[in-house]
Amino acid sequence: MASKGYDVIVAGVGGMGSAVCYHLARRGKRVLGLERFDIPHTNGSSHGVNRIIRLAYYEDPAYVPLLRRAYELWRELETGFGEQLLHVTGSVDASARDGEVFRGSLHSCELHDIPHEVLTGAELNARSPGYNLPADHMVLLQPDGGFLLSERCIVAHVQGALEAGGEIHARERVLTWETTAAGVRVETDRGVYEAERLVLSPGAWAGSLVPELEPLARPERQVLCWFQPSEPRLFRPEVFPVFNLTVPEGRYYGFPVYGIPGFKIGRYHHLDEQIDPEHWDREPNAADEAVLRVFTERYMPAAAGPVMTAKSCIFTNTPDEHFILDTLPGDDRVVLASPCSGHGFKFCAVIGEILADLAESGSTRHDISLFALSRFASTPD
Ligand SMILES: Cc1cc2nc3c(=O)[nH]c(=O)nc-3n(C[C@H](O)[C@H](O)[C@H](O)COP(=O)(O)OP(=O)(O)OC[C@H]3O[C@@H](n4cnc5c(N)ncnc54)[C@H](O)[C@@H]3O)c2cc1C
């Protein structure tokens, strides 16, 4: 394939890369998105029907302004695409009273004036009987929480990018890249391309394209199960809010029944298995199912029927579980993105805008100081 000049090349067209292609193309930039697998595909971090979006962010209140912008952008995207992408169910953030999930989500709500209710576990169980939480658990119920149809979001961003004049190639793997006097040069398994700027959004493969990220963006195996509820009416989106819940067994997240006739459940950091994304065991097994079934039997017993589907997926974790959104140290022509640590998808729309800003001008109006690469300067192992 002949080399051709672009304003920006985006390496990796998954959740984040599709969003940055969309924003750049709509700004009139000549953008080329390169994806090694299909669009969308099931080898990375963004598949499995849906992802939770929640506003009462326990991780840090600094995420809340980004979430507010993400909600606006998701709504704009679905209007242009003509398909609903964001389903509002309300969200439950729950833990023991002194647990960080309850305390942190309450703190974000108070600081940012986010509508919410505080309930005990017993009160939530009465209101939403799919739940069987410990009676004295503390629950923050936030009405704007819900889920995004993640693979459809990628399709929507890619379709919008193409309609705005962007160029996107699937099944084309970036092998190497370098900065040159003129900009950047990218070599793939199909050709060589040049551009003024490069956005690297390779998800779990960050370490192979960016040596600086290798010790900081660590891939981890995750497994999700969909269990068939014995009482499906308790797990409809209208009556069962998405949840992010800490119990003595760990921190779990789950969804009402949608897309697959099963209740979807996952455990953060599943079995703590670090992996090489080129060679890992993708097939869910009995031990994977067991850790999710034990939780479901205890805390959502009417959902703990036969398994309907199980899928593996990859988290890419930073040491502090906050994202990396920055330019390459010493060269702002190269933009780095590692926004996962198990909670990045809901931000794709706004991160696409941020990465487009960084690629255009090296800066953004959004506050991304929490995500600077320099915070790890003294800690890589
Ligand atoms: C099981 C699971 C549950 C999750 N739940 C939630 C949730 O409920 N809510 C939430 O907000 N977040 C959640 N997350 C996190 C969220 O899904 C991720 O933050 C998000 O998907 C990351 O998007 P990404 O673009 O970085 O990665 P991906 O979507 O995987 O995209 C990276 C892309 O780069 C491509 N690529 C890599 N190397 C190359 C190369 N050399 N050349 C070309 N292309 C390349 C890959 O093929 C891939 O398509 C979850 C993640 C997992 C795994």
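Tutor: Let's start with a term: a polar contact is a pair of N or O atoms within 3.5 Å; within protein, one atom must be able to donate a hydrogen and the other to accept it, and residues adjacent in sequence count only if both atoms are side-chain atoms. This is a predicted model, where local features need pLDDT of at least 70 and side-chain atom pairs count only at pLDDT 80 or more, while totals for chains, interfaces and linings use all residues. Residues are numbered from 1 along each chain as its sequence is written, and side-chain values use heavy atoms, leaving out hydrogens and water.

Student: How far is a backbone N or O atom of His343 from an oxygen atom of the ligand?

Tutor: Other backbones reach ligand oxygen atoms too: a polar backbone atom of Met16 is 2.9 Å from one, and for Ile52 the distance is 2.7 Å. For His343, the backbone N or O atom lies at 3.2 Å.

Student: Which residues come nearest to the ligand?

Tutor: A residue is near a molecule or strand if one of its heavy atoms lies within 4 Å of it. There are 35 residues around the ligand, and the nearest are Glu35, His41, Ser46, Ile52 and Cys313.

Student: At roughly what angle do the axes of H1 and H8 cross?

Tutor: Helices (H or I, at least four residues) and strands (E, at least two) are DSSP runs numbered from the N terminus. Axes are lines fitted to C-alpha atoms, for helices over the stretch in contact, and angles run from 0 to 180 degrees between N-to-C directions. The axes of H1 (residues 15-26) and H8 (residues 348-361) come within 7 Å, crossing at roughly 60°.

Student: Is H1 oblique or perpendicular to H8?

Tutor: Under 35 degrees is roughly parallel, over 145 roughly antiparallel, 65 to 115 roughly perpendicular, and the rest oblique. At roughly 60°, H1 is therefore oblique.

Student: Which residues of H2 make the contact with H8?

Tutor: The axes of H2 (residues 63-81) and H8 come within 7 Å and cross at roughly 100°, so the two helices are roughly perpendicular. Contact means heavy atoms within 4.5 Å. On the H8 side we find Cys348, Ala349, Val350, Glu353 and Ile354; on the H2 side, Leu66, Arg69, Ala70, Leu73 and Trp74.

Student: How many nonpolar residues are in the contact of H2 with H8?

Tutor: Ala, Val, Leu, Ile, Met, Phe, Trp, Tyr, Cys and Pro count as nonpolar, Asp, Glu, Lys and Arg as charged, and the others, Gly among them, as polar. This contact has no polar residues and 2 charged ones, and its nonpolar count is 8.

Student: Is the peptide bond from Ile39 to Pro40 cis or trans?

Tutor: Most peptide bonds are trans. Pro40 sits in the loop between strand E2 (31-34) and strand E3 (50-53). With omega near -10°, the bond from Ile39 to Pro40 is cis.
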